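Subject: Structure handover

Hello,

Here is the structure you are taking over. The notes below it go through what was found.

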Amino acid sequence: MFNPDDFSSAGPKYLSEHHNWEDQGHRRSVMACLVQGVYSLRRDQKSNKPNALAPPWWTSFGFSLRRQLIDDADSHVFGAIYERSTSNPKFVIAFRGTTDSMDVLLDWKFFLNRFHKMSRCRIAIQAVSETLSEAKTAADVWLAGHSLGAVVAISAAKHAVRKRGLFLETYLFNSPYPSLPIEGIIKNEQVKFIAYAVKDICKVVLAKKKEAAHPEVERNFKALAGWVPWLFVNSNDVISREYKEYFEHRKKMEAIGLGKLAKVVARNTLMDLYTRVKGCIELEPMHLLPSATLVLNPNKPNDQHWSSHKIQQWWLKDLDLQYEKFTY
């Protein structure tokens, strides 16, 4: 239950006083707070009071603000590069989610698999590349993002793999999964199984034509397999909860001897397959992940302050979370 006395203007009091980077729960909570720092930077920007309320979100954990990331398209703060004197991580690059009407347009671009063409992705990729060039090792640079910001982090992390061969520590909070919410709509297990089977068959049939014309699709997806981001999902969040079924369905297919087909299904979506056959899309869907450590919060928030999609839930103390690592 939300208790205002347990929180300061920079997140949970227990964390700002006793955070420990060796504790995975603390790492999760600090990274969520750093993402909240970007939301606060945007809030300060709106009120024309630069850094009025935002700094405690990073100074509480020994970070300084290296640089704000501004979107060329709307001049809004969408990310931040944080730095601290010690290493691992020495730098954290964090990205916020939707706050403005222009962000809603970007949400739509993401749904149509056009988000990689937006200036926000280009600026994020450039910022990560520049930071990596300055850092001693890839372990010094961590990424974090919430909602649409998680998609930005995915884009930058994938670029680091493909262009530099580097696997960055990445924290993805409530990353959106654009798909028909079969898990939420269909409750009968037999009907659900049939629905997924039909969907899988359609993917495999269409993928045969696509991947014959674009053999690099499979090769590029496999190259990402060594990158294992932390993927935080609330099972009650309609925006991100399909990730749970995405990975668990793949696991079920592998268990019954359909591992090869499971890989085809994992790297394709029906919308992407249709448009790629038509020659419209250059990249695989940004939200698809070969590997991840899925961190599931199965609890429905019992207070209006902590909805299933908000970043705040991820810095709460003693969460009853379920962890499972999936590899491609």
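A residue is called buried if its relative accessible area is under 20%, exposed if that area is over 50%, and partly exposed in between. Ser 147, at 10% relative accessibility, therefore counts as buried. Please keep in mind that this is a predicted model.

Backbone points

Ser 147 is found in the loop between strand 6 (141-146) and helix 6 (148-164). Its phi is near 55°, a positive value in a residue other than glycine. Asp 318 also has a positive phi, of about 55°, although it is not a glycine. Asp 318 belongs to the loop between strand 9 (292-297) and strand 10 (322-326). With a relative accessible area of 69%, Asp 318 is exposed.

How many of the residues of strand 9 are buried? Six of its six residues are, and the strand is described as mostly covered. Both of its faces are covered: Ala 292, Leu 294 and Leu 296 are buried on one side, and Thr 293, Val 295 and Asn 297 on the other. Strand 9 pairs with strand 8 in the parallel sense, over five bridges. Strand 9 and strand 10 run antiparallel and are joined by five bridges. Leu 294 takes part on both sides: Leu 231 stands opposite Leu 294, and the bridge partner of Leu 294 in strand 10 is Glu 324.

Aromatic rings

A search of the whole structure finds 20 aromatic pairs. One of them is formed by Tyr 171 and Phe 232, which are stacked at 6.1 Å centre to centre with 10° between the planes. Tyr 171 lies in strand 7 (residues 169-173) and Phe 232 in strand 8 (residues 230-234), so this pair ties together parts that are 61 residues apart in sequence. Tyr 171 has 0% relative accessibility and counts as buried. Phe 232 likewise counts as buried, at 0% relative accessibility.

The pair of Tyr 177 and Tyr 246 is tilted, because the ring centres are 5.5 Å apart and the planes stand at 50°. This pair links distant parts of the chain: Tyr 177 is in the loop between strand 7 and helix 7 (182-185), and Tyr 246 is in helix 10 (residues 242-255), 69 residues apart. Both Tyr 177 and Tyr 246 are buried.

Ring pairs also link a cluster, which includes Trp 21, Trp 58, Phe 63, Tyr 82, Tyr 171 and Phe 232. Among its other members are Trp 142, Phe 173, Trp 230, Trp 314 and Tyr 323.

Charges over rings

The charged end of Lys 90 sits over the ring of Phe 91, 5.7 Å from the ring centre. Lys 263 lies over the face of Tyr 328, at 5.3 Å from the centre of that ring.

Salt bridges

The count comes to 15 salt bridges. In one of them, the side chains of Asp 71 and Arg 120 meet at 2.9 Å, N to O. That pair links distant parts of the chain, with Asp 71 in the loop between strand 3 and strand 4 and Arg 120 in helix 5 (residues 119-134), 49 residues apart. Asp 71 and Arg 120 are both buried.

Asp 100 forms a salt bridge with Arg 96, the closest N and O atoms being 3.7 Å apart. Both of these residues are buried. Which residues are linked in a network of salt bridges? The network holds Arg 42, Lys 46, Asp 71, Asp 74, Arg 96, Asp 100, Asp 103 and Arg 120.

Lys 90, named above for its place over Phe 91, also forms a salt bridge with Glu 83, with the closest N and O atoms 3.5 Å apart. Glu 83 is buried, with a relative accessible area of 19%, whereas Lys 90 is partly exposed, at 23%.

Loop contact and surface

Ala 73 has its place in the loop between strand 3 (64-70) and strand 4 (77-83). Ala 73 is exposed, with a relative accessible area of 57%. The C-alpha atoms of Ala 73 and Ser 119 are separated by 6.7 Å, while the two residues are 46 residues apart along the chain.

Phe 111 is found in helix 4 (residues 101-111). At 36% relative accessibility, Phe 111 counts as partly exposed.

Regards

Technical notes:
Residues numbered from 1 in each chain as written. Predicted model: local features only at pLDDT ≥ 70, side-chain atom pairs only at ≥ 80, totals over all residues. Heavy atoms only, no water. Helix = DSSP H or I, 4+ residues; strand = E, 2+ residues; numbered from the N terminus. Buried < 20%, exposed > 50% of the residue type's maximum accessible area, 1.4 Å probe, protein only. Phe/Tyr/Trp six-rings, centres within 6.5 Å; stacked < 30°, edge-to-face > 60°. Lys NZ or Arg CZ within 6 Å of the ring centre and 35° of its normal. Pairing = 2+ DSSP bridges. Salt bridge = Lys/Arg side-chain N within 4 Å of Asp/Glu carboxyl O.
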